[in-house]
Amino acid sequence: MSGEAAQQDHELHRRWVAGDLAAGAALFDRYFDPITRFFRHKIGTASTAVHDDLIQTTFTTCIAVRERFRGEGSFRSYLFGIAYNVLRRYLEQRAREVQLDLGTASLQDLAPGVSTRAGARAEQTLLHAALRGLPVDLQLALELFYWESMSAREMAEILRVPEGTVRSRVRRARMLLRERLAVLAGDASERRAALAALGADDEEPAEE
């Protein structure tokens, strides 16, 4: 995230807390699509209402605790941290219902009926099928790094782990993703196309 964008977020948040409702609406407009993407393909296809509820809970929680954000980090990581907590609570409940360990279970284990369709392209379908077979925390690490372009520091704030742990998760997740693609894909060209759809390469999460 650029420094200019972060400063814009901070200014919008400052005005929002001071009573400018339009500034709060502007912040939510800026992050509605990323938060929607965060929850996408993480619950069952028959649970559209649950998906919408998770998004709504994230934003209503942010409204309720908006004054707790003191600007130490980015507003984006603060909001995604709320979304992460909302998701974890939901998945912990699902894990208890199906008697699985959330530390090792994948989203495929927790919600096996979820569609893996990400769009019309086959590589996107293959990618989402592979991602959903990873342990939850590893899947989230890849998605935050590649799709949200987050730094190691932002990811550490969201996931509440050291930056070194974030880097280790990304490396392990990338390795496991390639292993799953080797099983699911028909040939090497399909695997490469799926990795390209993620944007995966050998780079590491940046510090800033």
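## Exercises on ring pairs and helix packing

In this predicted model, Tyr78 is partly exposed, its relative accessible area being 21%.

**Exercise 1.** Among the 10 aromatic pairs of the structure, find where in the chain the partners Tyr31 and Phe75 lie, and state the geometry of their rings.

*Solution.* The rings of Tyr31 and Phe75 form a tilted pair, with 6.0 Å from centre to centre and 50 degrees between the planes. Tyr31 belongs to helix 2 (residues 21–39) and Phe75 to helix 4 (residues 75–98), so that this pair links distant parts of the chain, 44 residues apart. Both Tyr31 and Phe75 are buried.

**Exercise 2.** Determine how helix 7 and helix 9 are oriented to each other, and which kinds of residue make their contact.

*Solution.* Helix 7 (residues 136–147) packs against helix 9 (residues 163–184) at an angle of about 105 degrees, with the axes 9 Å apart. Angles of 65 to 115 degrees count as roughly perpendicular, and this is therefore how helix 7 and helix 9 stand to each other. Helix 7 contributes residues including Leu138, Leu142 and Phe145, while helix 9 contributes, among others, Val170, Arg172 and Leu176. The residues of this contact comprise nine nonpolar, four charged and no polar ones.

Conventions
Residues numbered from 1 in each chain as written. Predicted model: local features only at pLDDT ≥ 70, side-chain atom pairs only at ≥ 80, totals over all residues. Heavy atoms only, no water. Axes fitted to C-alpha atoms, helices over the stretch in contact; angles between N-to-C directions. Helix = DSSP H or I, 4+ residues; strand = E, 2+ residues; numbered from the N terminus. Parallel < 35°, antiparallel > 145°, perpendicular 65-115°, else oblique. Contact = heavy atoms within 4.5 Å. Nonpolar A, V, L, I, M, F, W, Y, C, P; charged D, E, K, R; others polar. Phe/Tyr/Trp six-rings, centres within 6.5 Å; stacked < 30°, edge-to-face > 60°. Buried < 20%, exposed > 50% of the residue type's maximum accessible area, 1.4 Å probe, protein only.
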